[in-house]
Amino acid sequence: MEIRKMRQGEEPSAYSLMCSSLDEYFAPEVVSYFMMQWSSGQIVAVDLFGHIVGYLAGARLPNGRASISLFCVDSNYRGKGVGSMMLNHFRQAAMMEGISSIQLEVKDGNTFAFEFYRKRGFVPTERLEAFYNDGSSGTRMVLDMGFGNRRITYMS
């Protein structure tokens, strides 16, 4: 398994994985948008045959923050450490660029994702009512990278 920055031309494979792994609809152009916005923040997991089996789309936010906008792992590779390796790679890339915190949103009912992020240091910070396209709600979670002068107030 190789974890690396996504390369130009791999957008269709990442999009295909998104469509088969996520329960939201995204326009095909979304992957190219993230690639143009912050190419260092686009992380893929590639199997021995060169197939993308994981995709993480990061975006830069103001004030030294980043967001994980999309994160999916092929169902055949879940529970095998691929997501953890991808998240670690993204975290290192963000730190190298001076990012002080990473945020993401987790859909209500996705207890696996919520626990995955919580175990890796993300803390719930905000309730997001009717946040998703289908009207469902979620929770914003934040990982403070431990440097910078930005302070985060956590919800109880």
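Reader: Which residues of helix H1 (residues 11-21) are buried?

Author: Keep in mind that this is a predicted model. Buried here means under 20% relative accessible area. In helix H1, which runs over residues 11-21, the ones that count as buried are Glu11, Ala14, Tyr15, Leu17, Met18 and Ser21.

Reader: Where do they sit around the axis of H1?

Author: The buried residues of H1 are Glu11, Ala14, Tyr15, Leu17, Met18 and Ser21. They cover an arc of only 160 degrees around the axis, so they end up on the same side of H1.

Reader: And which residues are exposed on the other side of H1?

Author: Exposed takes over 50% relative accessible area. On that other side of H1, the exposed residues are Pro12 and Ser20.

Reader: Zooming out, what pattern does the protein chain follow along the sequence?

Author: The secondary structure comes to 4 helices and 7 strands. Reading along the sequence, you get β-α-α-β-β-β-α-β-α-β-β.

Reader: What radius of gyration does the protein chain have, against a compact globule?

Author: The C-alpha trace spans about 45 × 35 × 30 Å along its principal axes. For 156 residues, a compact globule would have a radius of gyration near 15 Å, and the protein chain agrees with that, at 15 Å.

Reader: What share of contacts with a separation of 6 or more comes from residues 24 or more positions apart?

Author: As background, buried residues make up 46% of the 156 residues in the protein chain. As for the contacts with a separation of 6 or more, the share from residues 24 or more positions apart is 60%.

Reader: How far apart are the centres of the positive and negative side chains?

Author: The protein chain has 16 positive side chains and 16 negative ones.

Reader: Is Gly83 buried or exposed?

Author: Gly83 is part of helix H3, residues 82-96. The cut-off for buried is under 20% relative accessible area. Gly83 has a relative accessible area of 13%, so it is buried.

Reader: Which residues does Gly83 touch, not counting those up to four places away in sequence?

Author: Tyr55 is 28 residues from Gly83 along the chain, and their C-alpha atoms are separated by 8.9 Å. Leaving out residues up to four places away in sequence, Gly83 touches Phe71, Val73 and Phe116.

Notes:
Residues numbered from 1 in each chain as written. Predicted model: local features only at pLDDT ≥ 70, side-chain atom pairs only at ≥ 80, totals over all residues. Heavy atoms only, no water. Buried < 20%, exposed > 50% of the residue type's maximum accessible area, 1.4 Å probe, protein only. Helix = DSSP H or I, 4+ residues; strand = E, 2+ residues; numbered from the N terminus. Arc of directions from axis to C-beta. Rg over C-alpha atoms; globule rule 2.2 N^0.38 Å. Contact = heavy atoms within 4.5 Å. Lys, Arg positive; Asp, Glu negative; His and termini not counted. Charge placed at Lys NZ, Arg CZ, Asp CG, Glu CD.
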